[in-house]
Amino acid sequence: MISNVFQMPYMTRRLARLAETGDREAQYRLGLSYLNGEGVPANGKLAQNWMNRAAHHGHQLAWIEAGIMCAYGDTTLPGIQRDTGRAIAWFEKARKAGLPQGATHLAMLYMGGHGVEVNFRKAEQLLIEAEARGYLEAGMLLMGLWETTG
C-alpha cells in the first residue's frame, strides 16, 4: 500500500508502519502528511485513502478531514475524489459526536450549495449549534451569513 517506503524520512517510515497495522492516529497523521506533502510528496489519492481508514477506525478529527476531502474533491489536491453524500455523512457523524466542526462544515455546504441545495435557514441552525459549543469560527460565519441574508 505504501509506495517508495525507503525514500521516506525515518519518522514517516515509522508512521507508515504503524498505520499499516491499523493504528488510527498513525493513519490520520499519515493522511495529513500526504495531504500537506510533509515527509512525503503530496498525493491526494493516498491522503484520502489514509484519512478514510482513520475515519473508519473512529478517529474523530479524521471524520472532519475525510468530510472536507469528499466535499471539495481535487480542488484541495489532485487525486482526491469528491463525494458529497459521503462528506455529509462524515460531518453528521462528527456533529452527532459533539464536534462543532461537523455542524460548521455542514453549514458551509448549505451556504455555498456544494452538492446540496442552498439553504440559509439550515446553515443558520447548524452555525448556531456549533457556536453554542464554543466554536468561534461558527460565530464568525454566522455573522457573515446574517450580513449577507439580512
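Predicted model: local features only at pLDDT ≥ 70, side-chain atom pairs only at ≥ 80, totals over all residues.
**Entry 1: the partner of Arg121**

I followed the side chain of Arg121 and found a salt bridge to Glu124, at 2.6 Å from N to O. I then asked myself how the two sit along the chain. Both belong to helix 7 (residues 120-132), and because they are three residues apart there, about one helical turn separates them.

**Entry 2: the other salt bridges**

How many salt bridges does the structure hold? I noted five. As a general point, side chains of opposite charge can pair when their charged atoms come close.

I looked at Arg95 next, and its side chain meets that of Glu92 in a salt bridge of 3.0 Å, N to O. These two lie in helix 5 (residues 84-96), and since they are three residues apart, the separation is about one helical turn.

Then I turned to Glu129, which forms a salt bridge with Arg133; their closest N and O atoms are 3.5 Å apart. Arg133 is partly exposed, with a relative accessible area of 40%.

**Entry 3: Ser33**

Where is Ser33 found? I placed it in helix 2 (residues 24-36). Ser33 counts as buried because its relative accessibility is 9%, and the cut-off for buried is under 20%. Setting aside neighbours within four places in sequence, I listed Leu15, Glu38 and Val40 as the contacts of Ser33. I also checked Asn43: it is 10 residues from Ser33 in sequence, and their C-alpha atoms are 9.0 Å apart in space.

**Entry 4: the nonpolar core**

Which residues touch the most other members of the largest nonpolar core? Out of its 46 residues, I wrote down Leu30, Tyr34, Leu35, Met51 and Phe91. At least two residues of this core come from each of helix 1 (10-20), helix 2, helix 3 (44-56), helix 4 (60-72), helix 5, helix 6 (100-112), helix 7 and helix 8 (136-149). Helix 4 gives the most, with nine residues.

I finished with Phe91. Leaving out neighbours within four places in sequence, Phe91 is in contact with Ile64, Gly67, Ile68, Ala71, Gly102, His105, Leu106 and Leu109.

Methods. Residues numbered from 1 in each chain as written. Heavy atoms only, no water. Salt bridge = Lys/Arg side-chain N within 4 Å of Asp/Glu carboxyl O. Helix = DSSP H or I, 4+ residues; strand = E, 2+ residues; numbered from the N terminus. Buried < 20%, exposed > 50% of the residue type's maximum accessible area, 1.4 Å probe, protein only. Contact = heavy atoms within 4.5 Å. Core = buried A, V, L, I, M, F, W, Y, C linked by side-chain atoms within 4.5 Å.
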